Amino acid sequence: MGFKVAILEGDGIGPEVVNCARKVLEAISKIFNIELSFEYGLIGGAAIDKFSKPLPEETLSLCKESSAILLGAVGGPKWDSLPTNMRPEAGLLALRKELDLYANLRPVKVFSELSDSSPIKNIDGVDILIIRELTGDAYFGEPRGIFEKDGELFGVNTMQYSQSQIKRVAKFAFEVAKSRKKKLTSVDKANVLEVSALWRKVVSEVAKDYPEIELEHLYVDNCAIQLIKRPKSFDVLLTGNIFGDILSDEAGALSASLGMLPSASIGSSYALYEPIHGSAPDIAGKGVANPIATVLSVGMMLEYSFKNKKAAKLVEEAVSKALKAGVFTPDICPEGKKPSTTDEMCNAIIKALEEGG
Ligand code: NAD
């Protein structure tokens, strides 16, 4: 069966890292005999320049008729003075909303070749998959705004989750946990917040359908500590939108560079794969961007959209092999080693893929 991949390169280093990820997909398609086609669309600053809007209808239609979406990054100083709803980032937020991508997956895995660059000691073997609910919580709850009452200003946001929103992301997380180490940590603030009390109740109910999965509940403040103290004890970490925003950045800092961290945003009908970093205007066009985050994002595409775990594993092994061979872009280059370019890193990954990881 063939798959069509929508490619949205975006801005800054977006096209540079996506170019490498596409080459990786092409190599994988030959090895595993997967029929793949690619179609490009504009988003972010590139779309503003051509269509005066960050998410043109053409791009949205392309995404809706594709099997998966690969995105680089959006934004840059050229568009910084535009009103918020016209800026490149608004295109990405609109895309996530239009496609109802409710589960954001961020794996945090530290490659042994880079463990010395982590701020944490004994980091080897850390393998956490953070699943953050993306459609609810304080970011979307109503009422919201800045209101005046009795001559004083009040800032208001509403932390809100429906039972069904919690249930669908919890089911998703338990399903994913089945194919991993079978441990799920659910993070909330149920000792203080009603919304968290409901979160804990619904997650516990869903857990009854998954007796093989060990369920742990942690309060978010304790979780922030445990991620540093015992990162290896986590497997799947499930949490809401606002706690997930903060904890996934904290966990991401365990890795050597932003250039190493992939992500997937998955809904009932669509899935978007992208590195977590931005468009890195400071290094754009210099040929030194680290493509690994985007390459690992297509690894996630292979696993979650194309259900080919073997191919996904091969991508990860190829990255590891390229690092073992001593190829490092400047952001991850150990002291005393010669940094490589984006193309050199990409070639090393493709070579490793062709040699079987
Ligand atoms: P950034 O992630 O672009 O860059 C932060 C730092 O990390 C920079 O020094 C950059 O050079 C480095 N870096 C990032 N990715 C790298 C890679 N692959 N290889 C090597 N180094 C890498 O964040 P920023 O500077 O705060 O934002 C720049 C622009 O990107 C802004 O316009 C921002 O709004 C946008 N942004 C977009 C996304 C997205 O598209 N998902 C995410 C974050 C920021």
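Accessible areas here come from the Shrake-Rupley method with a 1.4 Å probe, and for residues only the protein chains shown count as cover. On that basis, the chain has an accessible surface of about 16100 Å², and 52% of it belongs to carbon and sulfur atoms.

Okay, ground rules before we go on. This is a predicted model, so local features need pLDDT of at least 70 and side-chain atom pairs count only at pLDDT 80 or more, while totals for chains, interfaces and linings use all residues. Residues are numbered from 1 along each chain as its sequence is written, and side-chain values use heavy atoms, with hydrogens and water left out.

Now the overall shape. The C-alpha trace spans about 60 × 50 × 45 Å along its principal axes. Of the 357 residues, 53% count as buried, where buried means under 20% relative accessible area, exposed is over 50%, and partly exposed is in between (1.4 Å probe, protein chains only). The secondary structure comes to eleven helices and twelve strands; those are DSSP runs numbered from the N terminus, H or I of at least four residues for helices, E of at least two for strands.

A side-chain N or O atom of Glu 89 is 2.4 Å from a ligand oxygen. Gly 278 uses a polar backbone atom, 2.7 Å from an oxygen atom of the ligand. Asn 290 has a backbone N or O atom 2.9 Å from a ligand nitrogen. On its own the ligand has 800 Å² of accessible area, and the protein covers 69% of that.

Last stop, Gly 259, in the loop between α8 (241-252) and β11 (262-267). Is Gly 259 buried or exposed? Gly 259 counts as buried, because its relative accessibility is 7%. Beyond its neighbours within four places in sequence, Gly 259 is in contact (heavy atoms within 4.5 Å) with His 277, Asn 290, Ile 292, Ala 293 and Asp 331. So Asn 290 turns up again, in contact with Gly 259. Also, Gly 259 and Ile 332 sit 73 residues apart in sequence, yet 8.3 Å apart in space, C-alpha to C-alpha.

Key:
Polar contact = N/O pair within 3.5 Å; in protein donor to acceptor, adjacent residues only side chain to side chain.
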